[in-house]
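Dear colleague,

A short account of the findings follows it.

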Amino acid sequence: MTPLNLVFVEAVKGLVCRSAWEESSDVGPVVDATSQKILAVIEKNKASVVYSGETPSSVKGCYVPLTIFESDDHKGELGQTEFFGPLVTLFKAKNISHALEIANSTDYALTAGICSRNPESIERAKEELEAGNIYINRPITGAIVNRQPFGGYKFSGVGAKAGGPDYLLQFLEPYCISESLMRRGFSPDVTV
């Protein structure tokens with residue numbers, strides 16, 4: 001494991017997995033029993049796990065441990081599947097071009113992020129990253145409603161961005177009715 005990955009692991013170890021009702025909680029449970037599928041992913045890829053946290057045993061809920069994988073195969077399951085759980089996989093990139101290639105190789109494109117002090121790398125990420133939401137030098141969660149519409153493309157969405165001022169309009173079926181109010185040649189309405 002690289003020194004940078006160790007820093008990442010140590011940062012994740014500081015996160016607390018508890019009930020969402022507790023203010024000290026950083027990570028709550030997943031929505032429902034699909035947690036069993038996520039736990040199966042962890043078990044299946046346990047050789048790639050570099051950290052797996054603890055979950056509360058005394059609290060009711062579908063908890064999944066915060067889990068970090070490290071892999072060389074970005075085209076495998078850990079690089080190509082959207083799990084919707086507290087899982088992350090680290091891939092080593094040779095340079096910014098390789099990093100963008102890895103990021104864009106997936107069929108999912110909800111959120112991407114880059115941390116860099118290199119202005120050229122930042123500009124390349126702005127131009128080349130394929131994701132509905134791209135965050136630069138900031139956390140990749142926490143879109144601000146009515147300022148940062150949220151949604152992805154590819155298999156992560158169809159372009160409807162939640163949180164923007166026109167979000168609800170995207171669910172309407174617009175139609176137009178046109179009527180001429182000039183009654184030339186028409187007979188007057190007759191009530192029988």
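Please bear in mind that the model is predicted.

An open sheet is formed by three strands in the order 1-2-3, and its pairing is mixed. At its edges lie strand 1 (49-52) and strand 3 (87-91), each of which pairs on one side only. On average, neighbouring strands of this sheet are turned by 15° against each other, direction ignored. Strand 2 (residues 67-71) and strand 3 run parallel and are joined by five bridges. Within this pairing, Ile68 has Val88 of strand 3 standing opposite.

Strands 5 and 6

Strand 5 (residues 111-114) is joined by four bridges to strand 6 (residues 133-136), and the two run parallel. Opposite Ile114 stands Ile136 of strand 6.

Ser35

Ser35 is part of helix 2, which spans residues 35-44. With a relative accessible area of 2%, Ser35 falls under the 20% limit and is therefore buried. If neighbours within four places in sequence are left aside, Ser35 is in contact with Val30, Cys62 and Val64.

Cysteines

How many disulfides does a search of the whole structure find? The search returns zero. For Cys17, the reason lies in distance: the closest cysteine sulfur, that of Cys62, is 12 Å from the sulfur of Cys17, which is too far for a bond, because a disulfide requires the two sulfur atoms to be within 2.5 Å. Cys62 is also one of the residues in contact with Ser35, as described above.

Are Cys17 and Cys176 buried or exposed? Cys17 has a relative accessibility of 10% and so counts as buried. Cys176, by contrast, has a relative accessibility of 68% and counts as exposed, since the limit for that class is over 50%.

With kind regards

Methods. Residues are numbered from 1 along each chain as its sequence is written. This is a predicted model: local features need pLDDT of at least 70, side-chain atom pairs count only at pLDDT 80 or more; totals for chains, interfaces and linings use all residues. Side-chain values use heavy atoms; hydrogens and water are left out. Buried means under 20% relative accessible area, exposed over 50%, partly exposed in between (1.4 Å probe, protein chains only). Contact means heavy atoms within 4.5 Å. Two strands pair if DSSP finds at least two bridges between them. Axes are lines fitted to C-alpha atoms, for helices over the stretch in contact, and angles run from 0 to 180 degrees between N-to-C directions.
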